[in-house]
Amino acid sequence: MGEITCVSGSMADVPKDLLDQINRLEELFVVDTAKLKEVTNQFVSELERGLREENSTIPMNPTWCMAFPDGNETGTFLALDMGGTNLRVCEVTLTEEKGEFDIIQSKYRMPEELKTGTADELWGYVADCLQQFIEYHHADEEIEQLPLGFTFSYPATQNYIDHGILQRWTKGFDIDGVEGKDVVPPFEAALTERGVPIKLTALVNDTTGTMIASAYTDTQMKIGCIFGTGCNAAYMENCGSIPKLAHMNLDPDLPMAINCEYGAFDNEHKVLPRTPYDIIIDKESPRPGQQSFEKMIAGLYLGEIFRLVLLDLHQNPDCNIFEGQDIGKLKKAYSLDAGFLAAIEEDPFENLSETHDLFQNSLSIVCTKPELELIRKLAELIGTRAARLSACGVAAICKKKGWQTCHVGADGSVFNKYPHFKLRGAQALKEILDWPKNKGKGKGDPIEILPSEDGSGVGAALIAALTLKRAEQGQVAGIRDPEAMIRAAQSAKKFKPALE
Ligand code: BGC
């Protein structure tokens with residue numbers, strides 16, 4: 001045991017070597033107001049550059065989702081959500097009552113091997129799930145074509161709404177032969193092979209789906225965000241403010257949803273306060289140099305950052321932590337998820353007994369009280385940094401658009417489940433945007449981040465509905481084959497929703 005330094009509160013009994021490390025970690029992980037503002041300003045200029053230039057750091061992908069819903073959309077649509085953990089198929093019926101819908105859905109586990117398998121395996125599996133869903137809910141029905149909104153939550157270049165060239169895999173996916181190609185043809189081929197009567201109507205990012213689903217019931221919604229396994233946002237731009245589309249001579253006042261793909265912010269490492277641990281995460285990921293911002297704040301990485309810090313401290317000769325314990329389990333990369341950190345931050349007991357049990361049960365490490373104090377502090381530092389940096393992306397979009405007030409629809413495991421994430425984010429927005437003292441509490445703030453409606457289900461269905469409506473009205477920008485869309489719209493009108 002090192003020397004005991006006298007400090008007040010829970011750190012009172014923490015020996016000097018651990019206290020020194022806590023101080024060092026604070027210096028590494030705390031992001032003060034000045035830094036938040038610096039990051040946000042750089043963010044604004046990167047967003048603008050992305051609208052001007054092809055292949056910029058933040059891609060700012062036009063999505064060809066060119067309208068907000070007005071709440072009066074109707075009809076039945078399929079939605080497919082290819083998330084990281086599950087594959088979800090939904091049938092969404094937008095009902096006659098304004099802003100209302102019915103939904104039936106099935107979840108299929110996304111086998112881990114699929115994420116690093118082959119493209120054929122991926123599309124085959126996805127098509128099998130859709131086939132199973134239709135056979136189960138619509139056996140013996142004559143179906144011509146069902147319109148589908150496919151939520152594909154990876155960066156894609158879209159020349160049309162039913163098209164998307166995968167720019168790169170993110171979130172640990174690494175399937176050969178998909179990057180750089182349009183994902184729609186192999187997906188459709190797998191459906192045709194199985195005789196599944198589906199018309200892919202819209203390829204949708206989860207952030208765009210979130211924005212549109214939230215706007216279905218809330219007209220103040222202007223941005224959709226995901227704070228989950230990955231992080232990103234979409235917002236509604238006007239075509240006149242997208243110089244890289246100028247050659248298309250679109251009406252400058254037409255709206256265009258932009259999928260920012262801002263997980264890639266600061267890939268050049270100009271402003272983000274990266275720690276040595278962030279650098280290791282990046283180096284050892286399947287795509288080094290990509291998604292710099294995401295790797296500091298998204299759910300996939302929070303537990304790994306935490307694990308890397310603890311491992312480093314254990315190996316540091318100046319610091320005694322987990323002495324004489326078998327740290328074999330802690331050595332396993334990506335063995336701790338964001339839920340592990342959340343559980344530590346949620347431990348309600350002064351003596352951190354839940355954290356003690358968590359370490360013992362999951363990692364076979366028996367922690368001393370000072371070690372538990374360090375662990376709690378570290379979880380807080382990582383969780384707080386994630387929330388504060390996350391706020392920079394939202395603040396940057398608002399600053400760029402000159403929005404003083406608006407609602408932001410948010411979804412994702414970190415937003416929904418990580419303790420204090422919402423409040424810490426609201427506090428950071430207040431600091432960045434210089435709101436008065438009584439703001440920054442979330443509720444009633446000028447810019448309020450609210451839990452969204454189901455973006456990848458209802459949002460994707462709404463975008464399919466809006467696309468069909470546009471095709472029928474002859475507004476065909478970004479629609480590859482308007483006649484095929486009109487046929488799908490007509491077929492959809494004959495389709496009867498499944499009964500629960
Ligand atoms: C993807 C985005 C997605 C975000 C949230 C990122 O890794 O590149 O397309 O919106 O994760 O799911």
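Student: Before we start, what am I looking at?
Tutor: This is a predicted model, where local features need pLDDT of at least 70, side-chain atom pairs count only at pLDDT 80 or more, and totals for chains, interfaces and linings use all residues. Residues are numbered from 1 along each chain as its sequence is written, and side-chain values use heavy atoms, with hydrogens and water left out.

Student: OK, how many cavities of 30 Å³ or more are there?
Tutor: Three. A cavity is a set of points on a 1 Å grid over the protein atoms alone where a 1.4 Å probe fits but cannot get out, and lining residues have an atom within 4 Å of a point.

Student: What volume does the largest cavity have?
Tutor: About 90 Å³, taken as the space filled by probe spheres set on the points, which are joined across faces, edges and corners. It has 13 lining residues, and W169, T170, K171, R287 and Y301 are the closest to its centre.

Student: And which domains does that lining draw on?
Tutor: At least three residues come from each of domain 1 (1-61 + 221-404 + 406-445) and domain 2 (63-205 + 455-493), with bounds from an automatic or database domain assignment.

Student: Switching topic: how big is the second largest pocket?
Tutor: About 410 Å³. A pocket is an open set with protein on both sides within 12 Å along at least five of seven lines.
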